[in-house]
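The sequence and structure are shown first.

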Amino acid sequence: MAPRPPDGPVAAWELNLTGFTDAVPPKRTGQGAPARPGVYVIAAGDCVPHIGTSGNLQTRIRTLASLGNHRGSTEVLCAAHCTQQTPTVRWGETGTADARSIESAFKKLGEPPQPRGRFQDCVNGTDLRHALVESAGASSWEAGYIDALFEVGEQLHRIFAPRFHPLWDHVGWPPGPWVPPDAIPGGGQRPD
Ligand SMILES: [Zn+2]
């Protein structure tokens, strides 16, 4: 059964996700999402940084978890940074046309990241970008590279390369599957 969009003037982060799965962490492999069309909603703590549709939920969610060619990457990473919560994903399997109409009903309530009152600076990953650039030193090569990656908004896995690890140690690792297993000495949030 297709989930219905919420009725009335509810806040965008109070989406009616009847018919969606429970919230699970996004994973690079073994996500469990079907290779079929649907809608998915990402949350991190109280923030909803991304809502999307795909003809293949499995591939799309994996692409986000691996920070590949996925335009939601900057906002999801920033929400993880700002809330210090591992993002989760819920999806609803529907036909492609239904997926689009559900997405558009959700986004009519407010374009993610939501709620904007608290998470305005997650738009385009602004908060995280500034933290990284400041930590790198605004005129450094690393800062220029980080700015360019955030401008493009894809392939964000590149800022988790070893040369950037000191920056992450300084600004804090955004919890999620992008944290390399050896990145946090003595434990901490690790990917599944
Ligand atoms: Zn943020």
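**Basis of the description**

Two residues are taken to be in contact if their C-beta atoms, placed from the backbone, lie within 7 Å. The model is predicted.

**The sheet**

Three strands form an open sheet in the order S2-S1-S3, and their pairing is antiparallel. On average, neighbouring strands are turned by 15° against each other, direction ignored.

Strand S1 (residues 38-44) runs antiparallel to S3 and is joined to S3 by six bridges. Within this pair, Ile 42 lies opposite Val 89 in S3.

**Helix H3 against the sheet**

Helix H3 (residues 96-108) packs on the sheet, where it touches S1 and S2, and its direction makes about 155° with that of S2. The helix comprises 13 residues and spans 18 Å from its first C-alpha to its last, close to the 18 Å expected at 1.5 Å a residue.

**The two sides of H3**

Ala 99, Ile 102 and Phe 106 of H3 are buried. Viewed down the axis of H3, the buried residues fall within an arc of 70° and therefore line one face of the helix. These buried residues of H3 pack against S1 and S2.

On the other side of H3, the residues Ala 97, Ser 104 and Lys 108 are exposed. Just after H3, Gly 110 adopts a positive phi of about 145°.

Key: Residues numbered from 1 in each chain as written. Predicted model: local features only at pLDDT ≥ 70, side-chain atom pairs only at ≥ 80, totals over all residues. Pairing = 2+ DSSP bridges. Helix = DSSP H or I, 4+ residues; strand = E, 2+ residues; numbered from the N terminus. Axes fitted to C-alpha atoms, helices over the stretch in contact; angles between N-to-C directions. Expected span 1.5 Å × (residues − 1). Buried ≥ 20, exposed ≤ 12 C-beta atoms within 10 Å, placed from the backbone. Arc of directions from axis to C-beta.
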